[in-house]
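Colleague: I've got a model open and I'd like to learn how to read it. Can you walk me through some features?

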Amino acid sequence: MPPKKMPSAPLNQALLALTASALAIPGMSAQAQDLAGDPMPSAPRDSTLLDYRFSYYDEGHIAGSKTSSGQDSERYSVESHQFRIATRLGPKADLTADATVETMSGASPWFILPDIKGKPVQVMSGASIHDFRQALQVRANERFGAVTGSVLAGYSNERDYRGANGGLEGSWDFNNKLTTLSGGVGYTHNDLDPTEGASMRFPTRIAHADNYEVNSYAGLAQVLGGETVLQSSVSFTYQNGYLSDPYKMAYVAGNTVNDARPGNRRKLAWVTRLRQNVAALDAVVHLDYRYYHDDWGITAHTAELAWYQTLPWSWALVPRVRWYSQSQADFYQPYYNAAQNNGLYSSDYRLSPFGALSESLGVYKRLGSWNLSLRYEHYSSGSAYSIRSIEVENPALVRFQVFSAGIVKTF
Amino acid sequence: MTQGQGRGMRWGVLVMGVVLLSGCSGMQPKAWQRGDLAQPEMAWDPDPVDAAMRQHTYDSKEAASGSATVGGGGCGCN
(Lines give C-alpha, C1' and ligand atoms only; values in the text may rest on other atoms or scores of the structure.)
Protein backbone atom coordinates (compact mmCIF):
# COMPACT_ATOMS: atom_id res chain seq x y z
CA MET A 1 0.00 0.00 0.00
CA PRO A 2 1.64 3.20 -1.05
CA PRO A 3 1.97 5.92 1.55
CA LYS A 4 -0.80 8.40 1.28
CA LYS A 5 0.47 11.93 1.17
CA MET A 6 -1.32 14.33 3.40
CA PRO A 7 -2.89 17.05 1.32
CA SER A 8 -1.07 20.36 1.51
CA ALA A 9 -4.08 21.99 3.03
CA PRO A 10 -2.74 25.42 3.97
CA LEU A 11 -1.46 26.42 0.57
CA ASN A 12 -4.39 24.75 -1.09
CA GLN A 13 -6.58 26.87 1.07
CA ALA A 14 -4.51 29.94 0.50
CA LEU A 15 -4.43 29.68 -3.26
CA LEU A 16 -7.63 27.92 -4.12
CA ALA A 17 -9.54 31.10 -4.61
CA LEU A 18 -6.78 32.67 -6.65
CA THR A 19 -6.38 30.02 -9.30
CA ALA A 20 -9.44 30.96 -11.34
CA SER A 21 -9.33 29.36 -14.76
CA ALA A 22 -5.58 29.18 -14.98
CA LEU A 23 -5.27 25.49 -14.22
CA ALA A 24 -4.44 23.54 -17.30
CA ILE A 25 -2.66 20.51 -15.99
CA PRO A 26 -3.04 17.78 -18.55
CA GLY A 27 -5.34 15.00 -17.64
CA MET A 28 -6.43 16.84 -14.56
CA SER A 29 -8.45 19.47 -16.28
CA ALA A 30 -11.89 18.41 -15.15
CA GLN A 31 -10.80 17.39 -11.67
CA ALA A 32 -8.59 20.41 -11.27
CA GLN A 33 -11.27 22.75 -12.48
CA ASP A 34 -13.59 21.28 -9.88
CA LEU A 35 -10.94 21.38 -7.20
CA ALA A 36 -9.51 24.80 -7.73
CA GLY A 37 -9.70 26.21 -11.19
CA ASP A 38 -13.07 27.82 -11.27
CA PRO A 39 -12.50 28.86 -8.50
CA MET A 40 -14.02 26.77 -5.71
CA PRO A 41 -12.92 23.30 -4.77
CA SER A 42 -15.94 21.51 -3.46
CA ALA A 43 -18.28 24.42 -3.61
CA PRO A 44 -21.46 24.33 -5.65
CA ARG A 45 -20.99 24.86 -9.35
CA ASP A 46 -22.77 28.18 -9.19
CA SER A 47 -20.10 29.61 -6.89
CA THR A 48 -18.42 32.86 -7.76
CA LEU A 49 -15.02 34.39 -7.08
CA LEU A 50 -14.33 38.09 -6.67
CA ASP A 51 -10.72 39.32 -6.68
CA TYR A 52 -9.42 42.84 -6.10
CA ARG A 53 -5.77 43.77 -6.40
CA PHE A 54 -4.04 47.11 -5.84
CA SER A 55 -0.54 47.63 -7.24
CA TYR A 56 1.83 50.55 -7.00
CA TYR A 57 4.59 50.62 -9.62
CA ASP A 58 7.41 53.09 -9.01
CA GLU A 59 10.42 53.65 -11.29
CA GLY A 60 13.66 54.80 -9.72
CA HIS A 61 14.85 58.24 -10.74
CA ILE A 62 17.39 58.59 -13.53
CA ALA A 63 20.70 59.83 -12.11
CA GLY A 64 22.07 63.24 -13.04
CA SER A 65 25.20 61.58 -14.44
CA LYS A 66 22.98 60.10 -17.16
CA THR A 67 20.89 63.14 -18.07
CA SER A 68 21.73 66.04 -20.39
CA SER A 69 20.78 68.51 -17.68
CA GLY A 70 23.04 66.89 -15.10
CA GLN A 71 20.05 66.80 -12.73
CA ASP A 72 18.31 63.77 -11.34
CA SER A 73 14.96 63.24 -13.05
CA GLU A 74 11.83 61.57 -11.79
CA ARG A 75 10.31 58.76 -13.82
CA TYR A 76 7.06 56.91 -14.12
CA SER A 77 4.73 55.67 -11.43
CA VAL A 78 1.50 53.74 -11.93
CA GLU A 79 -1.35 52.97 -9.55
CA SER A 80 -3.37 49.96 -10.71
CA HIS A 81 -6.67 48.57 -9.55
CA GLN A 82 -7.55 45.11 -10.87
CA PHE A 83 -10.93 43.44 -10.48
CA ARG A 84 -11.76 39.87 -11.45
CA ILE A 85 -14.98 37.93 -11.38
CA ALA A 86 -15.03 34.25 -12.23
CA THR A 87 -18.24 32.28 -12.23
CA ARG A 88 -19.88 29.15 -13.59
CA LEU A 89 -22.28 29.52 -16.47
CA GLY A 90 -23.45 25.94 -16.26
CA PRO A 91 -22.17 22.42 -15.64
CA LYS A 92 -19.56 22.69 -18.38
CA ALA A 93 -19.04 26.39 -18.92
CA ASP A 94 -17.49 29.26 -17.02
CA LEU A 95 -16.76 32.93 -17.49
CA THR A 96 -13.93 35.16 -16.28
CA ALA A 97 -13.89 38.95 -16.58
CA ASP A 98 -10.90 41.12 -15.69
CA ALA A 99 -11.15 44.88 -15.39
CA THR A 100 -8.16 47.16 -14.85
CA VAL A 101 -8.06 50.86 -14.03
CA GLU A 102 -4.70 52.61 -13.91
CA THR A 103 -3.41 56.13 -13.40
CA MET A 104 0.06 56.90 -14.70
CA SER A 105 2.23 59.94 -14.08
CA GLY A 106 5.83 61.06 -14.37
CA ALA A 107 8.46 61.80 -16.99
CA SER A 108 9.51 59.58 -19.88
CA PRO A 109 12.78 59.29 -21.86
CA TRP A 110 12.59 61.52 -24.96
CA PHE A 111 15.87 61.31 -26.86
CA ILE A 112 19.59 60.86 -26.27
CA LEU A 113 22.40 63.33 -26.92
CA PRO A 114 26.14 62.71 -27.02
CA ASP A 115 27.98 64.71 -24.39
CA ILE A 116 31.30 66.41 -25.10
CA LYS A 117 33.10 63.06 -24.81
CA GLY A 118 30.55 61.19 -26.93
CA LYS A 119 28.89 59.55 -23.93
CA PRO A 120 25.11 59.21 -24.43
CA VAL A 121 23.05 61.30 -22.02
CA GLN A 122 19.27 61.25 -21.72
CA VAL A 123 16.86 64.08 -22.40
CA MET A 124 13.60 63.49 -20.54
CA SER A 125 10.14 64.65 -21.55
CA GLY A 126 9.68 68.11 -20.06
CA ALA A 127 6.27 68.15 -18.47
CA SER A 128 5.02 65.35 -16.28
CA ILE A 129 2.77 62.97 -18.18
CA HIS A 130 -0.63 62.13 -16.72
CA ASP A 131 -2.74 59.39 -18.25
CA PHE A 132 -5.53 57.03 -17.32
CA ARG A 133 -6.05 53.50 -18.63
CA GLN A 134 -9.14 51.34 -18.51
CA ALA A 135 -9.12 47.77 -19.74
CA LEU A 136 -11.60 44.92 -19.82
CA GLN A 137 -10.81 41.35 -20.78
CA VAL A 138 -13.46 38.61 -20.91
CA ARG A 139 -12.97 34.90 -21.38
CA ALA A 140 -15.60 32.16 -21.70
CA ASN A 141 -14.72 28.47 -21.57
CA GLU A 142 -16.86 25.46 -22.44
CA ARG A 143 -15.92 21.81 -22.13
CA PHE A 144 -16.98 19.16 -24.64
CA GLY A 145 -15.66 15.93 -23.17
CA ALA A 146 -11.89 15.93 -23.61
CA VAL A 147 -11.96 19.17 -25.57
CA THR A 148 -12.22 22.68 -24.09
CA GLY A 149 -12.97 25.69 -26.25
CA SER A 150 -12.47 29.32 -25.21
CA VAL A 151 -13.56 32.65 -26.61
CA LEU A 152 -11.69 35.83 -25.57
CA ALA A 153 -12.38 39.49 -26.13
CA GLY A 154 -10.92 42.65 -24.67
CA TYR A 155 -10.68 46.41 -24.87
CA SER A 156 -8.11 48.87 -23.56
CA ASN A 157 -8.53 52.64 -23.54
CA GLU A 158 -6.16 55.52 -22.76
CA ARG A 159 -6.39 59.18 -23.63
CA ASP A 160 -4.04 58.65 -26.58
CA TYR A 161 -4.49 54.94 -27.26
CA ARG A 162 -7.26 52.41 -27.89
CA GLY A 163 -6.87 48.69 -28.43
CA ALA A 164 -9.40 45.93 -29.07
CA ASN A 165 -8.63 42.23 -29.20
CA GLY A 166 -10.36 38.92 -29.73
CA GLY A 167 -9.27 35.32 -29.87
CA LEU A 168 -10.12 31.63 -29.87
CA GLU A 169 -8.34 28.94 -27.91
CA GLY A 170 -8.77 25.19 -27.64
CA SER A 171 -7.27 22.29 -25.76
CA TRP A 172 -7.57 18.51 -26.05
CA ASP A 173 -6.72 15.95 -23.36
CA PHE A 174 -5.58 12.54 -24.62
CA ASN A 175 -3.12 9.71 -23.85
CA ASN A 176 -5.19 8.63 -20.85
CA LYS A 177 -5.48 12.32 -19.94
CA LEU A 178 -1.75 12.62 -19.42
CA THR A 179 -1.19 14.85 -22.42
CA THR A 180 -2.86 18.09 -23.44
CA LEU A 181 -2.52 19.71 -26.81
CA SER A 182 -3.53 23.37 -26.88
CA GLY A 183 -3.54 26.21 -29.36
CA GLY A 184 -5.08 29.53 -30.18
CA VAL A 185 -5.33 32.45 -32.58
CA GLY A 186 -5.87 36.10 -31.73
CA TYR A 187 -6.22 39.49 -33.35
CA THR A 188 -5.59 42.96 -31.89
CA HIS A 189 -6.20 46.37 -33.45
CA ASN A 190 -4.72 49.52 -31.94
CA ASP A 191 -5.45 53.20 -32.61
CA LEU A 192 -3.04 55.92 -31.51
CA ASP A 193 -3.92 59.60 -31.10
CA PRO A 194 -0.77 61.05 -29.51
CA THR A 195 -1.11 64.03 -27.20
CA GLU A 196 -0.28 67.26 -29.02
CA GLY A 197 0.13 65.40 -32.30
CA ALA A 198 0.76 67.75 -35.25
CA SER A 199 0.62 70.69 -32.83
CA MET A 200 2.50 73.97 -32.88
CA ARG A 201 4.72 72.61 -30.15
CA PHE A 202 5.32 69.21 -31.80
CA PRO A 203 4.66 69.78 -35.52
CA THR A 204 6.33 66.53 -36.66
CA ARG A 205 4.54 64.30 -34.15
CA ILE A 206 1.86 62.19 -35.84
CA ALA A 207 -1.77 63.09 -35.14
CA HIS A 208 -3.16 59.60 -35.69
CA ALA A 209 -1.93 56.12 -36.58
CA ASP A 210 -2.97 52.52 -36.20
CA ASN A 211 -1.58 49.01 -36.27
CA TYR A 212 -2.77 45.44 -35.93
CA GLU A 213 -1.39 42.20 -34.58
CA VAL A 214 -2.17 38.57 -35.39
CA ASN A 215 -0.84 35.97 -33.02
CA SER A 216 -1.08 32.22 -32.63
CA TYR A 217 0.39 29.51 -30.48
CA ALA A 218 0.50 25.75 -30.14
CA GLY A 219 1.58 23.91 -27.03
CA LEU A 220 1.90 20.48 -25.55
CA ALA A 221 1.68 19.69 -21.84
CA GLN A 222 2.68 16.35 -20.37
CA VAL A 223 2.40 14.67 -16.99
CA LEU A 224 5.82 13.20 -16.22
CA GLY A 225 5.04 10.88 -13.34
CA GLY A 226 3.12 11.81 -10.23
CA GLU A 227 5.08 14.88 -9.21
CA THR A 228 6.01 16.65 -12.44
CA VAL A 229 4.25 18.46 -15.26
CA LEU A 230 5.97 20.01 -18.28
CA GLN A 231 4.57 22.30 -20.96
CA SER A 232 6.26 23.56 -24.07
CA SER A 233 4.66 25.97 -26.52
CA VAL A 234 5.61 28.04 -29.54
CA SER A 235 3.92 31.34 -30.34
CA PHE A 236 4.17 33.44 -33.47
CA THR A 237 3.08 37.06 -33.74
CA TYR A 238 2.85 39.32 -36.78
CA GLN A 239 2.47 43.08 -36.32
CA ASN A 240 1.74 45.57 -39.06
CA GLY A 241 1.23 49.32 -39.16
CA TYR A 242 2.69 52.14 -37.11
CA LEU A 243 5.05 50.45 -34.65
CA SER A 244 7.17 53.48 -33.73
CA ASP A 245 6.89 55.44 -30.49
CA PRO A 246 5.28 58.82 -31.24
CA TYR A 247 6.74 60.36 -28.06
CA LYS A 248 10.36 59.47 -28.74
CA MET A 249 12.94 61.06 -31.01
CA ALA A 250 16.47 60.26 -32.11
CA TYR A 251 19.50 62.50 -32.40
CA VAL A 252 20.91 62.30 -35.93
CA ALA A 253 24.05 64.30 -36.72
CA GLY A 254 23.02 67.39 -34.81
CA ASN A 255 19.27 67.21 -35.48
CA THR A 256 16.40 65.35 -33.85
CA VAL A 257 14.06 63.18 -35.92
CA ASN A 258 11.00 61.15 -35.08
CA ASP A 259 11.45 57.60 -33.80
CA ALA A 260 11.03 55.51 -36.99
CA ARG A 261 10.77 51.71 -36.93
CA PRO A 262 9.84 49.16 -39.60
CA GLY A 263 6.16 48.86 -40.52
CA ASN A 264 5.96 45.20 -39.63
CA ARG A 265 7.47 42.77 -37.18
CA ARG A 266 7.50 38.98 -36.85
CA LYS A 267 8.02 37.60 -33.35
CA LEU A 268 8.67 34.04 -32.27
CA ALA A 269 8.55 32.86 -28.66
CA TRP A 270 9.24 29.37 -27.39
CA VAL A 271 8.11 28.92 -23.79
CA THR A 272 8.79 25.88 -21.60
CA ARG A 273 7.33 25.57 -18.10
CA LEU A 274 7.98 22.96 -15.44
CA ARG A 275 5.98 22.34 -12.27
CA GLN A 276 7.62 20.03 -9.74
CA ASN A 277 5.98 18.95 -6.51
CA VAL A 278 8.39 18.61 -3.57
CA ALA A 279 6.23 16.49 -1.28
CA ALA A 280 8.80 16.22 1.51
CA LEU A 281 8.80 20.00 1.96
CA ASP A 282 5.17 20.58 1.06
CA ALA A 283 6.32 22.90 -1.71
CA VAL A 284 6.09 23.25 -5.47
CA VAL A 285 8.83 24.55 -7.75
CA HIS A 286 8.00 26.58 -10.85
CA LEU A 287 10.69 26.86 -13.52
CA ASP A 288 9.98 28.78 -16.76
CA TYR A 289 12.20 29.53 -19.72
CA ARG A 290 11.42 31.59 -22.82
CA TYR A 291 13.49 31.92 -25.97
CA TYR A 292 12.48 34.90 -28.12
CA HIS A 293 13.55 36.08 -31.55
CA ASP A 294 12.14 38.67 -33.96
CA ASP A 295 13.01 39.97 -37.40
CA TRP A 296 14.14 43.31 -35.96
CA GLY A 297 17.19 41.32 -34.88
CA ILE A 298 16.36 40.95 -31.19
CA THR A 299 17.04 37.69 -29.42
CA ALA A 300 16.06 37.38 -25.77
CA HIS A 301 16.21 34.81 -22.99
CA THR A 302 13.97 34.80 -19.92
CA ALA A 303 14.31 32.40 -16.99
CA GLU A 304 12.14 32.43 -13.90
CA LEU A 305 12.24 30.33 -10.75
CA ALA A 306 9.53 30.42 -8.08
CA TRP A 307 9.09 28.41 -4.91
CA TYR A 308 5.56 27.95 -3.53
CA GLN A 309 6.03 27.09 0.13
CA THR A 310 3.11 26.00 2.25
CA LEU A 311 3.30 27.10 5.89
CA PRO A 312 1.19 26.29 8.93
CA TRP A 313 -2.03 28.15 9.74
CA SER A 314 -2.98 28.69 6.10
CA TRP A 315 0.00 30.84 5.23
CA ALA A 316 2.08 30.50 2.08
CA LEU A 317 5.29 32.17 0.98
CA VAL A 318 6.31 32.58 -2.66
CA PRO A 319 9.85 33.86 -3.38
CA ARG A 320 10.62 34.36 -7.04
CA VAL A 321 13.64 35.36 -9.11
CA ARG A 322 13.54 36.31 -12.81
CA TRP A 323 16.43 36.91 -15.18
CA TYR A 324 16.13 38.50 -18.62
CA SER A 325 18.64 39.33 -21.37
CA GLN A 326 18.10 40.78 -24.85
CA SER A 327 20.21 41.83 -27.80
CA GLN A 328 19.54 45.10 -29.61
CA ALA A 329 17.36 45.81 -32.64
CA ASP A 330 19.36 46.05 -35.88
CA PHE A 331 18.50 49.72 -36.36
CA TYR A 332 18.92 50.83 -32.73
CA GLN A 333 21.67 53.27 -31.76
CA PRO A 334 21.87 55.50 -28.69
CA TYR A 335 22.45 58.35 -31.17
CA TYR A 336 23.33 58.56 -34.85
CA ASN A 337 26.38 60.30 -36.29
CA ALA A 338 24.97 60.16 -39.82
CA ALA A 339 21.63 59.72 -41.57
CA GLN A 340 20.69 56.10 -42.26
CA ASN A 341 19.91 54.86 -45.76
CA ASN A 342 16.96 52.78 -44.50
CA GLY A 343 15.42 55.77 -42.70
CA LEU A 344 15.08 53.81 -39.45
CA TYR A 345 15.93 55.49 -36.13
CA SER A 346 15.27 54.51 -32.57
CA SER A 347 17.17 55.18 -29.35
CA ASP A 348 14.48 53.57 -27.18
CA TYR A 349 16.09 51.73 -24.27
CA ARG A 350 13.61 48.91 -24.84
CA LEU A 351 15.31 48.15 -28.16
CA SER A 352 18.82 48.44 -26.68
CA PRO A 353 20.95 45.54 -25.48
CA PHE A 354 20.52 44.90 -21.75
CA GLY A 355 19.85 42.38 -19.07
CA ALA A 356 17.60 42.53 -16.02
CA LEU A 357 17.16 40.80 -12.71
CA SER A 358 14.13 40.91 -10.49
CA GLU A 359 13.43 39.48 -7.06
CA SER A 360 9.96 39.09 -5.64
CA LEU A 361 8.34 37.84 -2.47
CA GLY A 362 4.65 37.05 -2.10
CA VAL A 363 2.73 36.18 1.05
CA TYR A 364 -0.71 34.54 1.04
CA LYS A 365 -3.12 33.99 3.91
CA ARG A 366 -6.46 32.23 3.96
CA LEU A 367 -9.21 33.37 6.37
CA GLY A 368 -12.34 31.29 5.85
CA SER A 369 -13.73 32.18 2.46
CA TRP A 370 -11.38 35.16 2.20
CA ASN A 371 -7.84 35.22 0.83
CA LEU A 372 -5.33 37.97 1.46
CA SER A 373 -2.07 38.55 -0.39
CA LEU A 374 0.88 40.92 -0.35
CA ARG A 375 3.76 41.07 -2.82
CA TYR A 376 6.91 43.11 -3.30
CA GLU A 377 9.16 43.09 -6.37
CA HIS A 378 12.40 44.85 -7.19
CA TYR A 379 13.55 44.97 -10.84
CA SER A 380 16.87 46.32 -12.07
CA SER A 381 18.21 46.43 -15.63
CA GLY A 382 21.70 47.09 -16.91
CA SER A 383 24.61 45.72 -18.87
CA ALA A 384 25.78 43.67 -15.87
CA TYR A 385 22.88 41.25 -16.30
CA SER A 386 23.27 40.80 -20.05
CA ILE A 387 24.30 37.46 -21.47
CA ARG A 388 26.72 39.30 -23.77
CA SER A 389 29.08 42.17 -23.03
CA ILE A 390 27.65 45.59 -23.90
CA GLU A 391 29.89 48.42 -25.07
CA VAL A 392 27.50 51.34 -24.62
CA GLU A 393 24.68 51.07 -22.13
CA ASN A 394 21.51 53.05 -22.79
CA PRO A 395 21.23 55.73 -20.09
CA ALA A 396 17.47 55.23 -19.68
CA LEU A 397 17.53 51.60 -18.55
CA VAL A 398 14.90 51.22 -15.91
CA ARG A 399 14.75 49.97 -12.36
CA PHE A 400 11.49 49.78 -10.50
CA GLN A 401 9.69 48.35 -7.51
CA VAL A 402 6.15 47.09 -7.20
CA PHE A 403 3.98 46.78 -4.11
CA SER A 404 0.70 44.92 -4.39
CA ALA A 405 -2.05 43.85 -2.05
CA GLY A 406 -5.03 41.67 -2.86
CA ILE A 407 -8.23 40.33 -1.37
CA VAL A 408 -10.35 37.50 -2.71
CA LYS A 409 -13.83 36.36 -1.69
CA THR A 410 -15.51 33.18 -2.80
CA PHE A 411 -19.26 32.72 -2.58
CA MET B 1 11.24 33.38 -41.42
CA THR B 2 14.80 34.15 -40.42
CA GLN B 3 17.45 31.53 -39.76
CA GLY B 4 17.16 32.19 -36.02
CA GLN B 5 13.40 31.75 -36.07
CA GLY B 6 13.72 28.50 -38.00
CA ARG B 7 16.27 27.18 -35.55
CA GLY B 8 14.06 28.11 -32.60
CA MET B 9 11.05 26.47 -34.22
CA ARG B 10 12.95 23.23 -34.89
CA TRP B 11 14.08 23.07 -31.26
CA GLY B 12 10.53 23.65 -30.11
CA VAL B 13 9.17 20.82 -32.25
CA LEU B 14 11.96 18.51 -31.08
CA VAL B 15 11.30 19.20 -27.40
CA MET B 16 7.57 18.75 -27.80
CA GLY B 17 8.18 15.44 -29.57
CA VAL B 18 10.44 14.23 -26.79
CA VAL B 19 7.92 15.30 -24.19
CA LEU B 20 5.11 13.48 -25.99
CA LEU B 21 7.12 10.29 -26.41
CA SER B 22 8.22 10.33 -22.79
CA GLY B 23 4.62 10.53 -21.72
CA CYS B 24 3.89 7.30 -23.53
CA SER B 25 6.65 5.35 -21.84
CA GLY B 26 5.45 4.37 -18.42
CA MET B 27 5.40 7.72 -16.60
CA GLN B 28 1.82 7.29 -15.55
CA PRO B 29 1.10 8.72 -12.11
CA LYS B 30 -0.33 6.43 -9.48
CA ALA B 31 -3.87 7.02 -8.42
CA TRP B 32 -2.90 8.69 -5.15
CA GLN B 33 -0.56 11.07 -7.00
CA ARG B 34 -3.41 12.62 -8.94
CA GLY B 35 -4.15 14.74 -5.90
CA ASP B 36 -0.62 16.15 -5.94
CA LEU B 37 -0.92 17.06 -9.58
CA ALA B 38 -4.24 18.78 -8.98
CA GLN B 39 -3.11 21.01 -6.12
CA PRO B 40 -3.50 24.69 -7.00
CA GLU B 41 0.17 25.56 -6.71
CA MET B 42 0.88 23.09 -9.55
CA ALA B 43 -1.09 25.36 -11.91
CA TRP B 44 0.81 27.19 -14.62
CA ASP B 45 -0.27 30.46 -12.98
CA PRO B 46 -1.65 29.86 -9.47
CA ASP B 47 -2.37 33.59 -9.06
CA PRO B 48 -3.54 34.69 -12.52
CA VAL B 49 -4.38 38.29 -11.56
CA ASP B 50 -0.88 38.89 -10.27
CA ALA B 51 0.64 37.03 -13.24
CA ALA B 52 -1.27 39.23 -15.69
CA MET B 53 0.02 42.42 -14.06
CA ARG B 54 3.59 41.17 -13.94
CA GLN B 55 3.48 40.15 -17.59
CA HIS B 56 1.97 43.49 -18.60
CA THR B 57 4.79 45.29 -16.78
CA TYR B 58 7.56 43.22 -18.38
CA ASP B 59 6.00 43.54 -21.84
CA SER B 60 6.01 47.34 -21.51
CA LYS B 61 9.67 47.55 -20.44
CA GLU B 62 11.29 44.83 -22.55
CA ALA B 63 11.39 43.97 -26.25
CA ALA B 64 10.39 40.33 -25.89
CA SER B 65 6.84 39.06 -25.43
CA GLY B 66 4.83 35.94 -26.14
CA SER B 67 3.29 33.13 -24.12
CA ALA B 68 0.88 30.24 -24.35
CA THR B 69 -2.17 32.45 -24.65
CA VAL B 70 -3.64 34.92 -27.10
CA GLY B 71 -5.43 37.06 -24.55
CA GLY B 72 -4.68 40.64 -23.64
CA GLY B 73 -4.14 43.84 -25.51
CA GLY B 74 -1.26 46.20 -25.82
CA CYS B 75 -0.78 49.61 -24.30
CA GLY B 76 0.58 52.99 -25.19
CA CYS B 77 3.18 52.49 -22.48
CA ASN B 78 5.83 55.14 -22.06
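Predicted model: local features only at pLDDT ≥ 70, side-chain atom pairs only at ≥ 80, totals over all residues.

Colleague: How many helices and strands does chain A have?

Modeller: Chain A has 2 helices and 20 strands. Of its 411 residues, 54% count as buried.

Colleague: Now the charges. How do I read a salt bridge?

Modeller: Here's the general idea: side chains of opposite charge can pair when their charged atoms come close. Over all chains, a search of the whole structure finds 26 salt bridges. Take D94(A) and R143(A), whose side chains meet at 3.3 Å, N to O. That pair links distant parts of the chain, with D94(A) in strand β3 and R143(A) in strand β6, 49 residues apart.

Colleague: Are D94(A) and R143(A) buried or exposed?

Modeller: D94(A) counts as buried because its relative accessibility is 1%, under the 20% cut-off. R143(A), at 11%, also counts as buried.

Colleague: Which residue forms a salt bridge with R139(A)?

Modeller: That's E169(A), with the closest N and O atoms 2.7 Å apart. R139(A) lies in strand β6 of chain A and E169(A) in strand β8 of chain A, so the pair ties together parts 30 residues apart in sequence. E169(A) is buried, with a relative accessible area of 9%.

Colleague: Which residues are linked in a network of salt bridges?

Modeller: The network has members from chains A and B: E304(A), R320(A), R322(A), R375(A), E377(A), D50(B), R54(B) and E62(B).

Colleague: Last one, the surface. Which residues make the nonpolar patch?

Modeller: F144(A), V147(A), W172(A) and L181(A) make a nonpolar surface patch of about 380 Å². Look at V147(A), which lies in strand β7, residues 147-158. V147(A) is partly exposed because its relative accessible area is 36%, between the 20% and 50% cut-offs. For the whole of chain A, the accessible surface comes to about 17200 Å², of which 61% belongs to carbon and sulfur atoms.

Notes: Residues numbered from 1 in each chain as written. Chains lettered and ligands numbered in written order. Heavy atoms only, no water. Patch = residues over 30% accessible without salt bridge, like charges linked within 9 Å, V, L, I, M, F, W, Y side chains within 5 Å. Areas by Shrake-Rupley, 256 points an atom, 1.4 Å probe, with all protein chains shown as cover. Salt bridge = Lys/Arg side-chain N within 4 Å of Asp/Glu carboxyl O. Helix = DSSP H or I, 4+ residues; strand = E, 2+ residues; numbered from the N terminus. Buried < 20%, exposed > 50% of the residue type's maximum accessible area, 1.4 Å probe, protein only.
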